[in-house]
Amino acid sequence: MSGSAGIQQGSPAIGAAGSAPAAPGAGGTEGSGATVGSARIAVKKAQLRSSPRPKKLEKLGVYSSCKAEGACKCNSWKSQNPPPTPPRTDQQPNTFNLQDPCRSCSHTLGDHVTHLENVPEEEMNRLLGIALDVEYLNTCVHKEEDADTKQVYFSLFKLLRKCILQMGRPVVEAQESPPFEKPSIEQGVNNFVQYKFSHLPSKERQTIVELAKMFLNQINYWQLETPSQRRQRAPADDAAGYKVNYTRWLCYCNVPQFCDSLPRYETTQVFGRTLLRSVFTVMRKQLLEQARQEKDKLPPEKRTLILTHFPKFLSMLEEEVYSHSSPIWSEEFLAGSSGVISAPPVARSLYYNSSPVSVDPSSCGSVSPARKTASVLEPSPGGQKRKPSEPLPHEETKKLRIVGDIPMELINEVMATITDPASMLGPETSLLSAHSARDEAARLEERRGVIEFHVIGNSLNQKPNKRILMWLVGLQNVFSHQLPRMPKEYITRLVFDPKHKTLSLIKDGRVIGGICFRMFPSQSFTEIVFCAVTSNEQVKGYGTHLMNHLKEYHIKHDILNFLTYADEYAIGYFKKQGFSKDIKVPKAKYLGYIKDYEGATLMGCELNPSIPYTEFSVIIKKQKEIIKKLIERKQAQIRKVYPGLSCFKEGVRQIPIESIPGIRETGWKPVGKGKELKDPDQLYSTLKTILQHVKSHQNAWPFMEPVKKTEAPGYYQVIRFPMDLKTMSERLKSRYYTTRKLFMADMQRIFTNCREYNPPESEYYKCANLLEKFFYTKIKEAGLIEK
């Protein structure tokens, strides 16, 4: 908290249950200054309390006024033989008795401590603890460089000294006593957990509770920046309000952590949304940066929790912290939330970790200005988002009504019943979902003005713009650093080539990523040349959000195809962005236009002009919430109990499924029978083609041959009727499949066996699902079952 200690001093290590705070003025890092400083004070107090009574009286006499007759004005007893400074290790400690005179007034020690003669030992020990706290605060006053902090230390120093003189208990005099704001941070986070995650299964919900505990603990041991530091970082903020909260935090939360004679309160229990807003942005940034730097030191069981789920948790909480309409900060939250399961309180953890990690406070720069279209942008509207009300390109006529579509009247009616706005517009509520949006955090940062996107390029016709040139140099550095196998001269030539443009990602005024591309309007495609985000800003969704902006930019320019050569490290990223090796652009259109790279894979992406890509994940969330409500409605309609079937008692062996009472109300429909091929050769040819397609699919590799006992012990004890594609090929060759049903039954057995033996999160389970979906697509295309 001192000027040299920085903002991060005292922040507990990520993943730890907590750590001791840094003692103000102690200097050093949290590990040395905090834990050691607090422990040193505790050891001194323990030693002093176990000392003989004369030693205790001598200590308290230093803070006691003279009681001798004659109205002596001496306010503390001073030894005739003070210990040397610094104390010598070879010197025996001085022994005192009540007759030793005071160096100032010559009255004895007994004259100074007459009021303590009949004081119980417990009260004596309490006063001794205050005395040591006074000494430590005196040290802090002299070492502290910040004026505001020094003033608070001095006030507390005088308060404790007065308590010894009057044998009273310290009470901080203030206009307002804790708690300072309701609901508290702790209650707000509890409300957030209940508001967003009460629907989760108990195991996933427990994970969220662990994240909440971790976050609350971080706040309780977070070192606030001084008002002067904050004025330099954010001059536009409410300086007076922050100074008030900072002073309260020092008096009630921070100093009492090492001066235990003062009453101590947890930061999360006495402060509310105002303080959280003032620290959240800086705290979130440093915590995530610290987690990335220390990821290799984290325990394996904590790594996924902290690196994957914690950033999403913070993004969702950030939206509630800064939202003006969030219900979690209402004192009537619990009373006004009907039908919500009451969440257990998120307890604070009080374990300590003595090996925390400090983060360079210089990394906490100011937030960049809000995103706007400046003169440095090219005059196209590519940097702007499409509004939902705008007519989409290529949308000349209304969409034809499809059989099975949900009527718009019903959708509007359902949307009117959704009372939770966050479920429609906010982040995905299940942090553990594999389908939560990758660009969620980046989209939130853009909305708050933390990051900006600009399409820039060099020009030979216009006067050079200094800011654009600086950004281009930054892009050249990012690409060179992240693509080490690409010659720097080649990168520089393309980045500064007037025919190439770059979508740049700007954060805190500097470039942290971008996509360099060249448009070929006459050929109706664009080549993506370079794509990179600087290493310390990765795993935040910036890459996905960059690509989504690029897609919208090209839809505005009526170019609906991307081509790129991806190396083995980039193929995974481009697949996630909708690229595939199945190129839709005719070869004649791109041959001779794009740059060919040895050892790279050509991939393409076809854009859909009806999709607003930067808001696509939000739209999907809206649709999921609507579907969820429709399902709830349907369940309410069919929640009727019918009497059991009695016809079987009367000798009936079989009845049509549709005759079961209530079956049609569930939405069940008779399965299409499809056509049975009578010609054996035609059936053989059709099944052979389908099987060949299935074997060629990228997810067919686990099912190509029978499972080996050495690779899967116990497999044949679990799976009684194994099946694989090799066996199916042999059966097909021997004309075993005389009907389509036999063929489909064997294929289905492959998928069923896989799902029975493997856990849902395994790669094999996922391959089975994807291959099954592909198989039934081919079966329908062949007309063997109805579409």
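In what order do the 6 strands of the open sheet run? The order is 1-2-3-4-5-6, with mixed pairing; two strands count as paired if DSSP finds at least two bridges between them. This is a predicted model, so local features need pLDDT of at least 70 and side-chain atom pairs pLDDT 80 or more, while totals for chains, interfaces and linings use all residues. Residues are numbered from 1 along each chain as its sequence is written, and side-chain values use heavy atoms, leaving out hydrogens and water.

At the edges sit strand 1 (451-456) and strand 6 (601-606), each pairing on one side only. Strands here are DSSP runs of E, at least two residues, and helices are runs of H or I, at least four, both numbered from the N terminus. Strand 1 pairs with strand 2 (residues 501-507) in the antiparallel sense, over 6 bridges. Phe453, for one, has Leu505 in strand 2 as its bridge partner.

Helix 17 (residues 466-482) packs on the sheet and touches strands 1, 2, 3 (510-520) and 4 (525-533), contact meaning heavy atoms within 4.5 Å.

Elsewhere, helix 23 (residues 680-696) meets helix 27 (residues 763-781): their axes come within 10 Å and cross at roughly 155 degrees. Axes are lines fitted to C-alpha atoms, for helices over the stretch in contact, and angles run from 0 to 180 degrees between N-to-C directions. That makes helix 23 roughly antiparallel to helix 27, the word used for angles over 145 degrees. Ile690, His693 and Val694 of helix 23 make the contact with Leu771, Phe774, Phe775, Lys778 and Ile779 of helix 27.

Key
Parallel < 35°, antiparallel > 145°, perpendicular 65-115°, else oblique.
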